[in-house]
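Work through the exercises below with the sequence and the coordinates open beside you.

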Amino acid sequence: MNILDKIIERKKQEIADAKSKISIEKLKDSEFFGRSTFSLRETIKTKSGIIAEFKRQSPSKGIINDQVSPLEVVSQYEKFGAIAVSILTDKDFFGGSFDDVLSVRNHINIPILRKDFMIDEYQFYEAKSIGADVILLIASCLSPIQVSEFTELAHSLDLEVLLEIHSKDELKYINKNVDFVGINNRNLKDFKVDLQHSVDLKNQLPNDILSVAESGIYNEEDFKFLKEKGFEGFLMGEYFMKNENPGQKFGEFISNVTV
Ligand SMILES: O=P(O)(O)OC[C@@H](O)[C@@H](O)c1c[nH]c2ccccc12
């Protein structure tokens, strides 16, 4: 069984447990449920930029950084000009939690992407209840019909949708309602990173779609290469997180590239 299958199997269990503890009606009582969200789409339409990620660990890298708090990191991401932050909420494989989002929501004024493996409607209500603005749909975990139904549900909750694809076969998941298409430079099944593969795929996207280059951007050259190819957004985590002070590292990086 590949790692993605393992994650999904575990996720199903986790969702079943969560549902038995907290009903959707209860999630709707959250102080964040009725808030109006920040739009990443509006920002990215007028300026490209970096979505900076808070990630403690990953299945491919093990522990990346478990010494820093989400608040200290994402506050600096915002201060130095991230257009949004991404926060992993998967616990077992990425060391994240809902608290990581909850603890920063009232302290930053840019969109938060709840980064998780979305496979059930329940998770969209969860995302809304913790104060997320954007959710990720990973094509390789879903069917095209699920992508279109989940997109509708997300929009009804005022959440924007980043659809992640990795291969040519997944182009069929794109529908005109998704807000952005992310091309993952990393293959989630074997963790290989290939930037050229992403550029080739980008060239096959519909013209009017906003695109985000995701993962494996490890230096300024990688960034410039992808920027030149026309991506509007850049999702970066490990490169910042592996430092003692990820926010500071982000600040240095962004001052050395043209976003
Ligand atoms: O840390 P990196 O290589 O900069 O990657 C960030 C982000 O793209 C990556 O965490 C990611 C992209 N898609 C995902 C899906 C699930 C979990 C994680 C991810």
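**Exercise 1: a helix pair**

The crossing of α4 and α11 is right-handed, a crossing being right-handed if the near helix is turned clockwise from the far one by less than a right angle, and left-handed if anticlockwise. The model is predicted, with local features needing pLDDT of at least 70 and side-chain atom pairs counting only at pLDDT 80 or more, while totals for chains, interfaces and linings use all residues. Residues are numbered from 1 along each chain as its sequence is written.

Task: describe how the axes of α4 and α11 are placed, and which residues make the contact.

Solution. Step one: the axes of α4 (residues 70–79) and α11 (residues 246–256) come within 7 Å and cross at roughly 15 degrees, where axes are lines fitted to C-alpha atoms over the stretch in contact and angles run from 0 to 180 degrees between N-to-C directions. Step two: α4 is therefore roughly parallel to α11, a label for angles under 35 degrees. Step three: α4 contributes Glu72, Val73, Ser75, Gln76 and Tyr77 to the contact, and α11 contributes Pro246, Gly247, Gln248, Phe250 and Gly251 (C-beta atoms, placed from the backbone, within 7 Å).

**Exercise 2: the ligand shell**

Task: state which residues come nearest to the ligand, and which elements supply at least two residues of the shell.

Solution. Step one: of the 15 residues around the ligand (C-beta atom, placed from the backbone, within 6 Å), Glu214, Ser215, Leu235, Gly237 and Glu238 come nearest. Step two: β10 (233–236) and α10 (238–241) each supply at least two shell residues, helices being DSSP runs of H or I with at least four residues and strands runs of E with at least two.

Definitions and conventions
Angles under 35 degrees count as roughly parallel, over 145 as roughly antiparallel, 65 to 115 as roughly perpendicular and the rest as oblique. Two residues are in contact if their C-beta atoms, placed from the backbone, lie within 7 Å.
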